[in-house]
Amino acid sequence: MARRSQERGGSSESRASREPPLDPEEQARALCLRLLTGTPRTRRQLADAMRKQEIPDEVAEHVLERFQDVGLIDDQAFANAWVESRHRGRGLARRALARELRHRGVEAELVTEAVGLLDPEQEEETARVLVQRRLPGTRGLDRDRRIRRLAGMLARKGYSEGLALKVVRDALAQEKETDPDGAESWSGAEGLDPWE
């Protein structure tokens, strides 16, 4: 049976083990292409992946430069797309987006430029939409707890405390105007207004 397998070109050892190993530059190019096929990556993410594969730094740098020259790596385009996608899809604010981009190795000036694409009005409108989605789930809770939950949700998405409280306060005031029977959810502790 082993003889028949060998006659057809197969054997117990894999073909990969019979082929000569790739030189470090070919290995680096193959790794980068494989990683870029699935999803865009930053230059640092690719450099980190090559470091884990023990590709020499000078080889990695050469491959990264070449990929950047031909447009396969573009940290500014990555950052801009990241901001657009994560703001629209997850409702993240500039602060959270900047943190994520820095974590992925995008340079500070590119992060600033990318998050600058979001204007304050757009960010506030997104915060309002997020609060409106969550508002019905907080009905029946006292006002202070509703404020904490809704403002906390916005804070986790990177919104400033001031903006979060303003948006939540506005949403609760609008709800009270449109649903005066929901007054029981408005009674705070001992009737105190936490905004005063």
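What you're looking at is a predicted model, where local features need pLDDT of at least 70, side-chain atom pairs count only at pLDDT 80 or more, and totals for chains, interfaces and linings use all residues. Residues are numbered from 1 along each chain as its sequence is written, and side-chain values use heavy atoms, with hydrogens and water left out.

The protein chain has eleven helices and zero strands. Here helices (H or I, at least four residues) and strands (E, at least two) are DSSP runs, numbered from the N terminus. Of the 196 residues in the chain, 37% are buried, where buried means under 20% relative accessible area, exposed over 50%, and partly exposed in between (1.4 Å probe, protein chains only).

Back to residues 28-66: this span is 79% helix and 0% strand, and its end C-alpha atoms lie 11 Å apart.

Helix 3 (residues 24-38) has 15 residues and reaches 22 Å from its first C-alpha to its last, close to the 21 Å expected at 1.5 Å a residue; that expected span is 1.5 Å times one less than the number of residues.

| Helix | Buried | Exposed |
|---|---|---|
| Helix 3 | Ala 28, Leu 31, Cys 32, Leu 35, Leu 36 | Arg 34, Thr 37, Gly 38 |
| Helix 4 (residues 43-52) | Arg 43, Leu 46, Ala 47, Ala 49, Met 50 | Arg 51, Lys 52 |

Seen down the axis of helix 3, the buried residues fall within an arc of 125°, so they line one face of that helix.

The largest pocket holds about 160 Å³. A pocket is an open set of points on a 1 Å grid over the protein atoms alone, where a 1.4 Å probe fits, with protein on both sides within 12 Å along at least five of seven lines; lining residues have an atom within 4 Å of a point. Of the 13 lining residues, the closest to the pocket's centre are Pro 40, Arg 41, Ala 77, Phe 78 and Ala 81. Helix 6 (residues 75-90) gives the most to this lining, with six residues.

Definitions and conventions
Grid points are joined across faces, edges and corners, and a volume is the space filled by probe spheres set on the points. The arc is that of the directions from the helix axis to the C-beta atoms.
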